[in-house]
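Please open the model in a viewer and keep the selection panel at hand.

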Amino acid sequence: MYSVEETIEVAVPVRAAYNQWTQFKSFPRFMTVVKKVEQIRPALLSWTLAVGPLRREFQAEIVEQEPDSHLTWQSLERHFVHRGEVSFRPTATGGTTVTVRIEVDSPGATALRGGLPKLVGRVVQRELGHFKAYIEGLGAESGAWRGTIRGGRVRPEEPRPHRSRVAHWPVG
Amino acid sequence: MKKAPGDEPNEALTVTPPKKWAAGVPAVAHALGYSLEETSVRRTGETLLTMNQVGGIDCPGCAWADPSPGNRHRNEYCENGAKHINDEATSRRIGADFFREHTVSELGRRSDKWLNQQGRLTEPMVKRPGSDSYQPISWHDAFDLLASELRSLDSPDEAVFYTSGRASNEAAFALQLFARALGTNNLPDCSNMCHESSGFALHETLGTGKGTVSLDDLHHADLIFVVGQNPGTNHPRQLSALEEAKRNGARIIAVNPLPEAGLLRFKNPQKPSGVIGKGTQIADRFLHIRNGGDLALFQGINRLLLEAEDARPGEVLARDFIESDTKGFEEFAEHVRTIGWDDILAATGLAREEIEQVRDEVLGSRRVIVCWAMGITQHKHAVPTIREIVNFLLLRGNIGRAGTGACPVRGHSNVQGDRTMGIWEQMPDDFLDALQTEFGFDPPRAHGLDSVNSIRAMREGRIKFFLALAGNFVRAAPDSAITEDAMRNCRLTAHISTKLNRSHTVCGETALILPTLGRTEVDIQADGEQFVTVENSMSEVHTSQGRLQPASPLLLSEISILCRLARRTLDGRGTDIPWEQFEADYGAIRDHISRIVPGLHDFNRRVTRPGGIQLPNAVNEGVYHNDVGKALFTANDFAMLRAPEGYLLLQTLRSHDQWNTVPYTSNDRYRGIHGSRRVVLVNPEDVAALGLSEGQHVDLVSVWGDDPERRAEGFRVVSYPTTRGCAAAYYPETNVLVPLDSVADKSNQPTSKAIVVRLEPVASPATASPR
């Protein structure tokens with residue numbers, strides 16, 4: 001197992017930075033490693049990452065999500081086991097400190113203990129830079145999901161959130 | 001044009017040991033063999049290579065979900081789907097000449113297999129009162145006949161409109177709209193006979209009528225229960241999902257009275273390891289349960305989980321979740337602790353040790369899914385059984401999280417979508433209000449008739465008019481003799497069909513065959529080529545577009561038939577439903593659906609995206625749309641099915657070479673049955689205890705408290721590893737044994753998985769009719 005932690009300051013308020021982070025499907029617009037994100041539902045995501053010729057698809061569950069504060073996730077694959085957290089803290093100047101921490105626990109992790117964390121750290125730092133450029137360039141978020149997730153389960157922010165408005169009569 | 005078999009050969013029964021694995025190369029060979037018997041190489045290629053692909057044909061064979069667009073195989077179908085689609089794409093045709101040669105009563109003596117083999121219907125036919133033959137009729141005259149009959153009814157509630165799960169969303173929506181504009185909610189459907197119990201139980205406890213899992217959940221579960229379900233035959237593509245789950249480390253517990261081949265091992269024909277290797281072991285644990293013992297099993301597991309929590313407080317149950325999201329825990333827990341082990345073991349036929357091992361598997365798993373099908377739903381206590389499954393899931397918070405949930409596996413491809421479109425006799429007021437706002441008429445509010453109640457009403461002469469949108473109602477329904485009498489009691493019966501089946505031979509005074517396009521065929525209307533939409537078992541709504549030249553230029557689409565019938569019938573009744581526009585452009589129907597059915601907003605645009613629309617499930621959004629607004633624990637009375645001494649509990653089931661009511665051959669190769677479908681599978685110890693012998697000729701006689709004797713003649717006894725006291729035989733041949741009044745509590749679903757029967761030896765081989 002190894003872990004990496006990277007931080008960046010972005011010059012937008014916490015709410016804008018957090019809201020933008022919830023727009024997972026837009027990540028491939030500004031991140032270079034993230035090629036595709038499908039949000040199957042709020043707490044279940046499918047990611048496609050690629051570095052050079054290496055391509056990795058995995059699904060991840062969002063375990064905790066607290067608006068304007070943090071979210072944590074864990075991969076659901078057996079072969080690329082990792083957990084992560086991204087947190088958002090206000091700075092004194094009205095901006096946001098975004099911190100990403102990733103713990104990787106896959107079979108290859110130990111063998112490559114030396115180089116891999118550094119490489120992953122560099123990738124995360126670069127992608128955080130892309131995030132900063134994107135949200136600062138926009139000046140405001142392109143969308144938001146303001147729900148809360150606890151223990152992998154969505155906690156609705158209102159009695160009948162939009163996504164719950166579906167046919168619910170018995171189906172034979 | 002290929003020629004259909006003229007005679008019904010007498011085949012001899014042979015029995016070989018049941019298979020221990022499913023699919024592999026034989027599945028491919030059987031699928032291709034059957035397809036090429038029915039149609040050409042070119043048409044086989046056209047159907048199979050577009051099947052379940054983006055922009056292609058949705059396989060009508062089952063409702064299993066498709067993988068996401070980028071992850072589908074080039075051959076995304078199974079043996080049974082391939083057979084089914086080419087059964088529809090057959091090159092055989094029947095028209096007026098065929099009906100001149102065969103009277104209705106002669107056709108009534110033919111087997112289901114033979115009727116299906118004759119080929120595609122090509123022109124509308126009518127059987128007039130007093131006649132024993134179908135004759136050609138023009139579409140114009142057929143609609144006149146139907147409309148004048150409907151207009152002559154004393155009340156619209158004298159009409160019944162049945163829907164089979166083959167019908168598209170658009171056709172289903174048009175049918176319910178027509179029925180309600182006419183003034184009735186008499187909308188029975190095939191799901192009344194398959195998953196009605198699931199809908200009732202899930203709605204009451206979780207506030208959803210549908211399953212809560214997606215393929216992604218299955219792929220990432222730690223533990224999957226496959227209960228009362230035979231995926232190898234009935235949903236073979238589920239085996240690919242289970243294989244993927246196992247590759248990710250999942251364990252699988254199969255619960256079934258029969259050790260079905262598909263539960264044991266799967267050789268995926270899409271992979272080299274499935275062609276030449278040993279394949280994948282599916283079930284890590286097989287619980288050989290008695291028919292209907294599943295309620296007791298889950299009560300036993302739940303009791304053990306509560307006791308494990310007693311021993312290790314705070315470590316077993318999802319206390320926070322139970323506190324925040326559920327109601328009724330204390331009452332449930334108090335009740336389930338009173339269920340005695342002697343009762344549980346007697347009802348399940350299992351050893352306590354086996355159930356304790358299941359508990360240990362559960363305790364070692366963070367993500368658990370329960371899949372089930374008709375082995376659960378077709379019992380008197382089906383609704384309590386499914387409620388108990390929900391209790392089990394709630395105890396450890398296995399709802400609303402990735403890799404967890406409830407998975408009722410539906411059989412017919414659009415059975416779920418038809419219900420979403422309002423095919424239900426009890427639709428809630430908000431749906432009816434939306435219809436009223438959209439179309440300006442006042443839909444009837446009184447509940448209509450489901451399938452069983454429709455048969456009762458037909459028997460009593462309260463129904464004069466029966467129209468079926470696809471399906472084979474008399475063979476799908478229980479109590480065949482009573483159902484057939486009920487149909488014959490109608491003034492007019494009509495079927496919108498692609499192929500001949502027994503329902504066409506059981507006629508009202510007047511009967512109509514309205515031949516229609518199949519899923520495989522190009523559908524061109526005034527506004528150009530059309531597609532339809534369907535919804536699978538995992539709530540994905542997507543398009544289906546046929547590619548083949550229609551079987552006859554005279555075929556009308558289901559939607560055309562319904563729109564023309566509605567125009568002719570409702571003309572002058574003051575409704576402003578644009579039936580002509582609906583027929584010309586199915587997109588116009590979807591525009592209206594988008595304003596009526598919650599969750600399908602912007603339907604036309606979203607459904608054409610690759611993969612279509614994934615309808616959310618409110619449970620996964622933390623919302624429970626039931627009466628209490630929370631997930632509900634329930635206390636379910638213990639129930640045990642018991643046949644008296646000398647009797648057996650019979651379940652009806654499909655053979656592997658069968659699709660719903662249509663047998664393709666007389667073989668069931670996974671179970672080792674060849675050459676005959678009139679067999680009853682009995683545990684060898686029961687064969688001995690009942691004084692019977694292998695291969696002996698018997699009649700099956702069902703025991704129920706009402707007058708008529710229900711007898712299925714001319715069966716052979718086959719020793720088979722089913723549980724003690726429990727037997728199995730194929731439907732539709734044994735539907736005659738299922739009493740109409742033997743239904744599940746609350747859901748009114750026939751109890752086809754637990755009929756008390758005796759096996760009466762007959763001295764010489766019976767000369768039963770082929771069917």
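**The sheet of chain B**

Select B:Ala494 first: its bridge partner is B:Leu512, in strand 18 of chain B. Helices (H or I, at least four residues) and strands (E, at least two) are DSSP runs, numbered from the N terminus. The model is predicted: local features need pLDDT of at least 70, side-chain atom pairs count only at pLDDT 80 or more, and totals for chains, interfaces and linings use all residues. Residues are numbered from 1 along each chain as its sequence is written, and chains are lettered from A and ligands numbered from 1 in the order in which they are written.

Next, display the open sheet of six strands in chain B, whose order is 6-5-18-17-16-7, with mixed pairing. At its edges stand strand 6 (135–136) and strand 7 (159–163) of chain B, each with a single partner strand, so one side of each has no neighbour in the sheet.

Now select residues 139–152 of chain B. This is helix 7, which packs on the sheet and touches strands 5, 7, 16, 17 and 18 of chain B; contact requires C-beta atoms, placed from the backbone, within 7 Å.

Axes are lines fitted to C-alpha atoms, for helices over the stretch in contact, and angles run from 0 to 180 degrees between N-to-C directions. From helix 7 of chain B, the contact includes B:Phe143, B:Leu146 and B:Leu150, and from helix 27 of chain B it includes B:Arg564 and B:Leu565.

Turn to A:Leu76, in the loop between strand 5 (70–75) and strand 6 (82–90) of chain A. Is A:Leu76 buried or exposed? A:Leu76 is buried, because 23 other C-beta atoms lie within 10 Å (20 or more count as buried, 12 or fewer as exposed, and values in between as partly exposed). Not counting residues up to four places away in sequence, A:Leu76 touches residues of both chains, among them A:Gln59, B:His220 and B:Ala402.

Finally, show the whole boundary: 39 residues of chain B are in contact with 26 residues of chain A. On the chain B side, helix 9 of chain B gives the most, with four residues.

Technical notes. Two residues are in contact if their C-beta atoms, placed from the backbone, lie within 7 Å. Two strands pair if DSSP finds at least two bridges between them.
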